[in-house]
Amino acid sequence: MTHAALLLAVLAMAVADVRGQDVIPQPEKQETGKGFFVLSRNTAFVSNLKRQDAQAFKGMVDALRAQSSAPQTENTVIKLISEHRRGKAWEDVGLQSYRLTVSPDSVVARAPTTTGLFYALQTLGQLADNGRIACTRIADRPRFKYRGLMLDCSRHFWSPAFIKKQIDAMARLKLNRLHLHLVDGGGWRLEIKKYPQLTREGAYRTHSDWDEWIENGRKFCRKDTPGAYGGYYTQKEMRELVAYARAKHIVVIPEIEMPGHSNEVLHAFPELSCTGKGNGFDLCVGNPKTFTFLTDVLKEVMEIFPSEHIHIGGDEATMLYWKKCPKCMGLFRDRHFTDTLQIQSFLIGRIDSFLTARGRKMIGWDEILDSTRLSPSSVVMSWRGERGGIAAAKAGHHTVISPSRYYYLDHFQASPATEPKAIGGFSPLERVYYYDPVPAELRHTPAADRIDGVQGNLWTEYIADERQAEYMLYPRLFAIAESGWGTKTSYDRFVSRLQTILPRMGAEGYNYRAPDSDSLQQKRDQEFTVLQWNIWQEGTLIPGGYDAIVNEIDRLSPDFVTLSEVRNYHGSDFTRRLCQSLKARGKTYYSFRTDDSGLLSRYPLKDSVAVFPLNKDHGSVYKLTAQLGAHEIAVYTAHLDYLDCAYYNVRGYDGFTWKETERPTSVGEVLRLNDLSWRDNAARCFLNEARHDLEAGRMVIFGGDFNEPSHLDWTEATAYLYDHHGMVVPWTVSTLLERNGFTDGYRKVYPDVLSYPGFTYPCHNPAADITKLTWAPKADERERIDFIYYQGDNLFAIDAKLFGTGSSIVRSKAVGDRSADPIILPSGTWPTDHKGVWMKFRIKNK
Ligand SMILES: [Zn+2]
């Protein structure tokens, strides 16, 4: 290598060393040139802007120059050229565009509006590395006009200074909407001159810690009470914040939540509750004073916030007291409503008209879609997955996409074992980054144009302080900003760009979570096993039954056990007793007290819920949640109603008395008989609860003795087998589960119903009197009534086996199973009259 060539190589390395590419959001088009521009105190500023704008931009350029420690070099110039196009920049992505050319002696930015020029300067700020900017040419514009962040100021009160700091970060990411969740059950945060009681009585509470506060009765107090936690924004402070954001091309959208989440209002104004005593969470919609109150508040809100959009919440009303309230029921009758939901729709509809008449547009959470009177200009913010957004866009409404499982920034970003307390969920950076805000169903349809953009939401029940808030925001907000800008790269390249931008933010005093360098650790596939087992009255009908149950669980060591026929005889707590017996053998299991159906987990319980508690022998459903590495799982156990079993009627036995009876002649009759049971009610309660788990990103397992066959087993192929008597029956529970996205694990692994019938009942047990093992002594009553259902992203059923003796009872005789069903045989005494179902699942990570 010659001396000159060596010198060139060194120069080339120096140039490469200047960050020329690391911009977030990634510009739409970017070419990198040779050489670099040096910012120094000699750099001139030229623009064709009007005086006030020119001053503001000169201030920004001065701030950039101040960061440069570069020596004074030859004269260089920064030129900002506005093309002075008219229009609302925040409404039009074209008006937010800019072109930026950096050459060794000049930086030239052109844009149709000052917003575009502002974005050009943000890009320049990210490109500048100690005063040097690599030569480049950029043409850039966003994909979506709405790119937002929501900050929950109710559950936690954020100081104006903190909000300004986040506005600065948002501006850098070219975000343009700050949605402030100003009022909620955690406290009222905005001064309302007409109703000073709101902030006097509803802005401070007795505990800052969310759980402690709830455990102590959700009490509010006045500011001067010792230990009072809270605060509020005066109208003056809020106007300042709005102006501060506006200077950074960010619109502040206020949210006044109604009619649910309003316990702080009811505390200040008990007369606005249905009982008149402040009970519940919802405003009384039947009381005309509620409407006067809300419109008075909104009038003041509109004076403070010039935002075209006013957010009115509209989510999660409990509707608990409406059904018992004479005023709400009066409204219900007068308006000829047929459904309590219409009470909510009525209020939302009236508020919508009120705002629309004043030139504003209502925006609300996707529940507002339930309103029949929604004006076309209303915007729907889709948080319950994508369905709300899809329905809204198809119905002609503009929509902001903010699905909880991707864009809720209060969710965990890695294994909870290593993370600060969070509300739950799992939204790691990579998942947030790869989410496409246009739902697949809408792509390439006109409705896709009604997706206005994206928003990340920081709910703050479990955000303790400012550092934690920033830790949850950054860098996930970067990922959302880039999705909103529409220029995503590979995740690895995104992380590489973060590596240069985040440390700089850290130096400026922001907290953030460093992207995982050991993400492979998290990415390892994880497996777990589940056993569904009906233990026939806790094994008490077989000598040595209890010990057999303990032996088998010890032997199989499933991660989760869903038990049916937990009886807690003599006031005992059966699953607790099981855990103690297993502990004595060195196996740690966790449980909680249930009746009729029980749960065991090898993982500590994060939560437990009685979903459908046992009621007069009509079955039960319980759930636990646990953490498996980086994943959260909800495991449900069910023992569904054993009465009104119409599959016995098909065999000539009454499904309630088990006496011989005439067989039904039509499928309709079978379903009518079956509908007398409570099985469908329990399944619906399960589905309502499980929806929340799925929204939060949890995997869901549902094991149980359903006391009802599956429509997947009563097909044309089996119509003349096992005494089905020609019937093809769409059994209720299995159909309901399938329609709601749940998969029958055993049938998934073994779709061939003829070779793998999978019968779980009646199971022959040599230790029991055969007459006790049959309900239909003259029939072939073999059924698969024990199931393990599942649903969840990247969750796969990889193995399934029956568990029990290898024979069944047919017409009161033991018959060896000749099917291909794989079976785990007992190690000793078999304690029950059912077979169990054992399954293995795998959680795959991309
Ligand atoms: Zn009422």
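Analyst: Six strands form the open sheet, and their order is β24-β23-β22-β35-β31-β34, with mixed pairing. Strands pair here if DSSP finds at least two bridges between them. Strands (E, at least two residues) and helices (H or I, at least four) are DSSP runs, numbered from the N terminus.

The edges belong to β24 (596-601) and β34 (823-824). Each has a single partner strand, so one side of each lacks a neighbour in the sheet.

This is a predicted model: local features need pLDDT of at least 70, side-chain atom pairs count only at pLDDT 80 or more, and totals for chains, interfaces and linings use all residues. Residues are numbered from 1 along each chain as its sequence is written, and side-chain values use heavy atoms, leaving out hydrogens and water.

β34 pairs with β31 (residues 795-803) in the parallel sense, over two bridges. Ile823 of β34 is the bridge partner of Leu802.

Two helices come next. Helix α19 (residues 545-556) lies across β22 (526-534), β23 (560-566), β24, β31, β34 and β35 (836-843). Its direction runs at about 165° to β22. Helix α20 (residues 574-583) also packs on the sheet, touching β23 and β24. The direction of α20 makes about 30° with that of β24. Contact means heavy atoms within 4.5 Å. Axes are lines fitted to C-alpha atoms, for helices over the stretch in contact; angles run from 0 to 180 degrees between N-to-C directions.
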